[in-house]
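Colleague: I am new to reading protein models, and I would like to go through one slowly with you. Could we begin with the whole chain and then turn to single residues?

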Amino acid sequence: MGLWLSSPLWLSLAAAITLLGQIAGKKEGWSGFDSFYWSFVTATTVGYGDIRPAKRTSRVIAIVIALLGLTLTGILIAVGVHAASLALAAHDAGAKVR
């Protein structure tokens, strides 16, 4: 349920990451797929280094993508922890009834 409720937020973040990656890719002369790949790798803070921005504007966009990616990851982890907490509480309540 938490993932469904938070979906507008994380979908908006994912769309912003993708859009910013395409903007940076266009400035750098990368293909659409390379731009998407780079934005995903940057957002997850993996940073393989096989594709790197050379222009200052693209580097600033990389920083924004990384921050958005950290926010997105934090939201998804928070939803998972909340779901696990609810499941544990339900399990504990069921164990007390027995």
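Modeller: What follows goes from the overall fold to the core and then to a few residues. This is a predicted model, in which local features need pLDDT of at least 70 and side-chain atom pairs count only at pLDDT 80 or more, while totals for chains, interfaces and linings use all residues. Residues are numbered from 1 along each chain as its sequence is written, and side-chain values use heavy atoms, with hydrogens and water left out.

Colleague: How many helices and strands does the chain have?

Modeller: Helices (H or I, at least four residues) and strands (E, at least two) are DSSP runs, numbered from the N terminus. Here the chain has four helices and zero strands, so that the order from the N terminus reads α-α-α-α.

Colleague: What is the radius of gyration of the chain, and how should I read it?

Modeller: The radius of gyration is taken over C-alpha atoms, and the globule rule is 2.2 Å times the number of residues to the power 0.38. For a compact globule of 98 residues the value would be near 13 Å, whereas this chain has 18 Å. The box filled by its C-alpha atoms, taken along the principal axes, is roughly 65 × 25 × 20 Å.

Colleague: What share of the residues is buried?

Modeller: Buried means under 20% relative accessible area, exposed means over 50%, and partly exposed lies in between, with a 1.4 Å probe and protein chains only. By that rule, 28% of the 98 residues of the chain count as buried.

Colleague: Which residues have the most contacts inside the largest nonpolar core?

Modeller: In soluble globular proteins, nonpolar side chains tend to be buried together. A nonpolar core is a set of buried Ala, Val, Leu, Ile, Met, Phe, Trp, Tyr and Cys residues joined through side-chain atoms within 4.5 Å. The largest one here has 14 residues, and those with the most contacts inside it are L13, I17, L20, W38, I61, I65 and L68. Helices α2, α3 (32-43) and α4 (56-97) each supply at least two of its residues, and α4 gives the most, with six.

Colleague: Which residues does L68 touch, leaving out those up to four places away in sequence?

Modeller: A contact means heavy atoms within 4.5 Å. With sequence neighbours up to four places away not counted, L68 touches L13, A16, I17 and L20.

Colleague: Is A24 buried or exposed?

Modeller: A24, in helix α2, counts as buried because its relative accessibility is 0%. Not counting residues up to four places away in sequence, A24 touches W38, S58 and I61. A24 and I61 are 37 residues apart in sequence, yet their C-alpha atoms are 6.7 Å apart in space.

Colleague: Where are T42 and Y37 found?

Modeller: T42 is found in helix α3, and Y37 is found in helix α3. T42 is buried, at a relative accessible area of 15%, whereas Y37, at 24% relative accessibility, counts as partly exposed. Leaving out residues up to four places away in sequence, T42 touches A62, I65 and A66, while Y37 touches Y48, D50 and I51.

Colleague: Where is S6 found, and which residues does S6 touch?

Modeller: S6 is found in the loop between α1 (2-5) and α2 (7-28), and S6 is buried, with a relative accessible area of 15%. Apart from residues up to four places away in sequence, S6 touches I75 and V79.
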